[in-house]
Amino acid sequence: MISKCLQAIASGKTMYAGCKEFGVPMSTIRYRMSGRWQKKYKPGPQSVLTKPEEQRIVEWLKGMQDRGFPVSRKALLFKISEYLSSDPQRRTPFRNNRPGRKWMLGFMRRNPGFSYRTPEAISSAGGRVSEKDIRGWFQMIDDWLTKNGLREVLDDPARVFNGDETSFYLHPKSKESVLYCP
C-alpha cells in the first residue's frame with residue numbers, strides 16, 4: 001500500500017489525498033520521501049556467505065529432502081565448514097570454519113520456509129506397508145531420476161548396493177532435521 005500511495009503522489013495527487021485513499025499515515029509517507037529512509041543500513045556484521053552461496057545451500061537442502069534424506073542441523077553445519085575450509089584464502093569469524101548457533105538462526109531467518117523437525121520413530125506402521133506403497137516409492141525415485149537427467153545410473157550394475165554393506169541402521173536414534181515447508 002505504501003508503494004501505491006507513493007506512486008499516486010508522484011503522479012500528481014496531493015499527499016493528503018494519496019494517504020486518505022490508501023489508508024497510509026502521512027508521517028509514514030513523509031518519512032519515506034525524506035532522505036533519511038534511503039540511508040538505512042542493516043545492523044550487524046555482513047553475512048559470511050554470499051547470497052548465491054546461501055541460495056546453493058538452500059537448493060541442496062531442498063534436493064536432499066526431495067530424495068528422502070533430510071539434512072540434520074549438525075550435518076548442515078559440517079557441510080558449510082567443509083565448504084569454507086576448501087578455500088584457504090577465505091577468512092571467517094568461525095572457530096575451525098564451523099558456524100555456530102547464531103549463524104544458524106540467521107540462516108533460518110534469511111531463508112524463510114525452513115524449520116527444524118524431528119522425524120517420527122519407526123513403529124509398527126512399517127509392517128503394514130503394501131506392495132503398492134513400495135512400487136509407488138520406486139516410481140517416485142524413477143520420476144525424480146528422469147526429471148533430473150540421471151536415469152542412466154540405474155543401468156550401471158556397479159551402482160547396486162546392499163543395505164547391510166552401507167551401514168544402514170535398523171533402529172537409528174533420529175535427530176532433528178532442517179526441512180523446507182513451503
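## Glu54 in helix α5

Glu54 sits in helix α5. Helices here are DSSP runs of H or I with at least four residues, strands are runs of E with at least two, and both are numbered from the N terminus. Glu54 counts as buried, at 6% relative accessibility. Buried means under 20% relative accessible area, exposed means over 50%, and partly exposed lies in between, with a 1.4 Å probe and protein chains only.

Setting aside residues up to four places away in sequence, Glu54 touches Ser47, Leu49, Trp103, Phe107, Arg110 and Asn111. A contact means heavy atoms within 4.5 Å.

## Basis of the model

This is a predicted model, in which local features need pLDDT of at least 70, side-chain atom pairs count only at pLDDT 80 or more, and totals for chains, interfaces and linings use all residues. Residues are numbered from 1 along each chain as its sequence is written, and side-chain values use heavy atoms, with hydrogens and water left out.

## Packing of α5 and α7

Two packed helices are described by the angle between their axes and the distance between the axes. Helix α5 covers residues 51-66, and its axis comes within 12 Å of the α7 axis, crossing at roughly 85°. Axes are lines fitted to C-alpha atoms, for helices over the stretch in contact, and angles run from 0 to 180 degrees between N-to-C directions. The two helices, α5 and α7, are therefore roughly perpendicular to each other. That label covers 65 to 115 degrees; under 35 is roughly parallel, over 145 roughly antiparallel, and the rest oblique.

From α5, Glu54, Ile57, Val58 and Leu61 meet Trp103, Phe107 and Arg110 of α7. The residues of this contact divide into 5 nonpolar, no polar and 2 charged. Nonpolar covers Ala, Val, Leu, Ile, Met, Phe, Trp, Tyr, Cys and Pro; charged covers Asp, Glu, Lys and Arg; the others, Gly among them, are polar.

## Leu77 in helix α6

Leu77 belongs to helix α6. Leu77 is buried, with a relative accessible area of 10%. Beyond its neighbours within four places in sequence, Leu77 contacts Arg98, Pro99, Gly100, Trp103 and Met104. Leu77 and Met104 are 27 residues apart in sequence, yet 8.1 Å apart in space, C-alpha to C-alpha.

Most residues other than glycine have a negative phi. Asn96 is not a glycine, but has a positive phi of about 55°. Asn97 also has a positive phi, near 60°. Asn96 is in the loop between α6 (73-85) and α7 (101-110). Asn97 has its place in the loop between α6 and α7 too.

Are these residues buried or exposed? Asn96 is exposed, with a relative accessible area of 67%. Asn97 counts as buried, at 16% relative accessibility.

## Cysteines

How many disulfides does the rule give? The count comes to 0, where a disulfide is a pair of cysteine sulfur atoms within 2.5 Å. For Cys5, the closest cysteine sulfur is in Cys19, 4.1 Å away and too far for a bond. Cys5 is buried, at a relative accessible area of 0%. Cys19 is also buried, at 5%.

## Overall fold

The protein has 8 helices and 3 strands. Along the sequence, the pattern is α-α-α-α-α-β-α-α-β-α-β. Among contacts between residues at least 6 apart in sequence, 56% join residues at least 24 apart.

Buried residues make up 21% of the 182 residues. The protein exposes about 14,400 Å², of which carbon and sulfur atoms supply 56%. Accessible areas come from the Shrake-Rupley method with a 1.4 Å probe; for residues, only the protein chains shown count as cover.
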